[in-house]
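Have the model open as you read.

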Amino acid sequence: MRSSRRPLSWSAGSGTTPDRRLLLASLVLNWVLGPALMFALAWALLPDLPEYRTGLIIVGLARCIAMVLVCNDLACGDREAAAVLVALNSISQVIAFGALGWFYLEVLPGRLGLSQAALAVSAWDIAGYTLVFLGIPLAAGYASRKLGERRRGRDWYERRFLPKIGPIALYGLLFTIVILFALQGHTIGQRPWDVARIALPLLAYFALMWDGSFLAGQAIGLPYDRTATLAFTAAGNNFELAIAVAVGVFGVTSGQALAGVVGPLVEVPVLVALVYVSLWGRRLFKEPAHAR
């Protein structure tokens with residue numbers, strides 16, 4: 001059964017005031033706690049593997065913008081709220097990813113007295129690859145919608161144009177994943193222990209972020225559907241962006257790229273399992289009588 005849908009501009013209580021709790025909680029979890037948690041886990045569990053550690057830190061900075069929509073829907077989360085949070089993450093990444101990469105890869109390790117031998121990376125390089133990978137598609141999508149609707153109408157744009165151009169992104173993603181796995185397949189097969197060590201902080205990250213976000217949503221009074229949305233959008237990561245940045249800055253066969261490739265191997269089954277945990281946790285909420 002799916003819960004009732006409320007526009008994101010309405011709060012759960014008043015019905016007319018903006019629900020700033022969800023937006024503020026999402027921003028804090030995604031852009032303050034998430035990167036800090038991955039930084040801490042990477043240094044705690046991979047102190048002797050600087051390349052993998054750097055790759056995981058980059059993963060922690062890449063907030064999820066797509067796959068969580070599927071998990072959120074399976075968990076009966078708020079579909080409209082998820083779309084807004086994903087859009088917010090997309091815009092925030094274009095603006096903040098480079099600066100956060102510079103902070104977590106160069107500034108913070110130095111302030112904490114940690115080794116910086118493998119962390120000499122330019123914030124401008126990270127920002128440039130982020131702009132190419134996210135900024136250009138966002139601008140192209142916005143421009144195509146504005147021009148398409150203006151010249152041919154919304155019905156033509158959504159019913160004819162989008163179905164034709166939509167699969168291109170999926171084909172590109174699948175092509176990239178196949179190439180990366182082909183290039184990293186030998187390393188994955190020859191270094192299973194390294195892969196296991198990369199997976200360990202990822203498992204801890206997903207568990208802590210999802211559980212913490214779910215409890216936070218309940219604590220601030222969000223209903224179940226928005227709590228589930230908050231948890232999944234905070235726990236997921238944009239591995240496509242992380243891999244693109246790692247490949248662009250460090251090379252396609254680098255340890256940083258391997259850490260990004262291992263990421264989705266861990267994230268996908270974990271998030272699917274968390275769908276069942278979320279549905280079980282739904283009993284902790286008092287749903288309105290009209291929920292379906």
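## How two helices cross

Helix 1 and helix 7 cross in a right-handed way; a crossing is right-handed if the near helix is turned clockwise from the far one by less than a right angle, and left-handed if anticlockwise. Helices here are DSSP runs (H or I, at least four residues), numbered from the N terminus. On the helix 1 side, the contact (heavy atoms within 4.5 Å) includes Leu29, Gly34 and Leu37, while helix 7 brings in, among them, Arg197, Pro201 and Tyr205.

Sorted by type, the residues of this contact are 12 nonpolar, two polar and one charged. Here Ala, Val, Leu, Ile, Met, Phe, Trp, Tyr, Cys and Pro count as nonpolar, Asp, Glu, Lys and Arg as charged, and the others, Gly among them, as polar.

## The cysteines

How many disulfides are there? The count is zero, a disulfide being a pair of cysteine sulfur atoms within 2.5 Å. For cysteine 71, the nearest cysteine sulfur belongs to cysteine 64, 8.3 Å away.

Cysteine 71 is buried, at 4% relative accessibility (buried means under 20% relative accessible area, exposed over 50%, partly exposed in between, with a 1.4 Å probe and protein chains only). Cysteine 76 is buried too, at 9%. Cysteine 76 sits in the loop between helix 3 (68–74) and helix 4 (79–111), and its phi is positive, near 60°, in a residue other than glycine.

## About the model

This is a predicted model, where local features need pLDDT of at least 70, side-chain atom pairs count only at pLDDT 80 or more, and totals for chains, interfaces and linings use all residues. Residues are numbered from 1 along each chain as its sequence is written, and side-chain values use heavy atoms, leaving out hydrogens and water.
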